[in-house]
Amino acid sequence: MSETDQREVVLESRELTREFDGVKALDAFSFKLHRGEILGLLGANGAGKTTAMNCLLGLTLPTSGRIFAFGKSLQDHKIEILQKSNFSSAYVSLPGNLKVWQNLLVFAHIYGVRDPKKKIADLLEMLEVTDLRERVTGQLSAGESTRVNLCKAFLNDPELLMLDEPTASLDPDIADKVRKVVRRRQREHHCSILYTSHNMRDIEEVCDRVIFLHKGKIVCEGRPADIIARSSGSSLEDVFIKIARDGEIVDPP
Amino acid sequence: MNFRTISALVMRYFFLYTRSPMRLVELIFWPVVDLVVWGNVTVFIQRNTNAQFGSFILFMLGAMILWDVMFRAQQGVAISFLEDVWTRNLLNVFVAPVRTAEYLSATFVVGLLRIAVTGLVLCLISWFGYSYNIFSLGWWLIPFFLSLMVFGWSLGMISTALILRWGQAAESLAWAVPFFLQPVVAAFYPVKDMPAWSQPLAWCFPATHVFEGMREVMKTGAMDWTALVWAFVLNIVYLALAGWLFVWILNLTRKRGLLTKFATQ
Ligand SMILES: Nc1ncnc2c1ncn2[C@@H]1O[C@H](COP(=O)(O)OP(=O)(O)OP(=O)(O)O)[C@@H](O)[C@H]1O
Ligand SMILES: [Mg+2]
């Protein structure tokens, strides 16, 4: 559990609240992400996961609350923090009319990657998309472009990585490979990862710890196995459904 | 400011242009059409009228070209930003370590390169097609060009800010920004022939000083340095104002959560 985790805190939010037209999409959201930890952010559609991620990336300003990354305030050290972070989402694409290698080369330069050609080749191979190198990005299938987006997200060997539904639209085989890649990144680079997904299989396999959001509030937090044990459900999926419908997990009698 | 970041962003635009030939066509096609039409009109008029009217049309031609410089600089900045919107790439850029000043500088460079390409093509065609060397008008054209380009950048930033705030619905409005100013910057007629009430307004824009300066040089052959100084000073004011507006709107969109909505819709 986070309270006892002795590792360095890489990302932290304190009482983060974000309102849209008076409705709280995120409500006093406080959490800590430690070095080398993969934290899953779960919740029903509209629970506030993407909003949380957008605030943590500085894309959306919180209505109130503070964010710290690498011990520094996001507001005051944004560029420095973004240099060590990266992000990928199924809903953001790379310029569609460029070739895959062109897009990756541009971002490699933006992040100041040393030996970009080799880095790009390595990443394409790792995600098994080397054959897409010369393809036009806009013509890739959803799953192919998701993997190319992941290559972009790994370009700068981020210490902090935010992945918004990285396995959406991947077939089971590729999804499995992506999970393994994410795991390997965490192991070999001690990368801290914030991860959202609607696929509970994903979460159980990838995440060390999860946070359940319901209407912007944290309703439950802990290791997937502990949460399942605590609730009356038999799987994370059961817990998910319970929270989505009732807004809480009912402890077994 | 990091030069590496700026050059990476410029590289991206370079790839975009080489990947989409239509953009190159737009860069060269319209100016060439403009030039050929006006070149032919000039030849026609010069053959059929007296010398005085001929010099009048030379005024018009000069004004056309200078206006085009400003318009294309504005477009260069606005289009660069829209490329990111159209390709849904905006968020990738905003989560990368790119400072606003670096992003804007890259669009300025693209504006500069666009003008260089267009200008080169126009000069070559007018030279080979009409034996007309634009620099026979004098090297003072260069500072005037630069002044208009910088003013175009400011207008481009204002257009971009409008699009950021009101989304793609404001796109056509953004294109029109230079044309809102066309009546008051005295591109095609001298300030003294404008209605009296609008004259003080006209002098508020750097472009007015350039166009007036251009007419002065054409008439007297002597360079009017005060016009250039005014244009320079006003340009700095406008650059600062437009930059401030852009940053302010960018923060506003972050505050309202519009940035992410807008960038993924
Ligand atoms: N820019 C915005 N303007 C207004 N409301 C917004 C905006 N962004 C998000 N919301 C609202 O905030 C709430 C949380 O949305 P969010 O996108 O964070 O959900 P999510 O947990 O990512 O859902 P999903 O699983 O569908 O991706 C929703 O009710 C949504 O309508
Ligand atoms: Mg979401």
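## Strands of chain A

In chain A, strand E5 (residues 72–73) pairs with E4(A) in the antiparallel sense over two bridges; strands here are DSSP E runs of at least two residues, numbered from the N terminus, and pairing needs at least two DSSP bridges. Within this pair, Phe68(A) stands opposite Ser73(A) in E5(A). Two residues lie between the strands of this hairpin, and Phe70(A) takes a positive phi near 50 degrees there.

On to another partner: E4 (residues 64–69) of chain A also runs antiparallel to strand E1 (residues 9–20) of chain A, joined by five bridges. Here Leu11(A) stands opposite Ala69(A) in E4(A).

## About the model

This is a predicted model, in which local features need pLDDT of at least 70 and side-chain atom pairs count only at pLDDT 80 or more, while totals for chains, interfaces and linings use all residues. Residues are numbered from 1 along each chain as its sequence is written, chains are lettered from A in the order in which they are written, and side-chain values use heavy atoms, without hydrogens and water.

## Where chain B meets chain A

Chain B brings 30 residues to the contact and chain A 33 residues, with contact meaning heavy atoms within 4.5 Å. About 3000 Å² is buried between the chains, 64% of it from carbon and sulfur atoms; buried area is the accessible area (1.4 Å probe) lost on putting the two parts together, summed over both. In chain B, Arg19(B), Val95(B) and Pro97(B) lose the most area to chain A, together 23% of what that side buries.

Note on methods
Helices (H or I, at least four residues) and strands (E, at least two) are DSSP runs, numbered from the N terminus.
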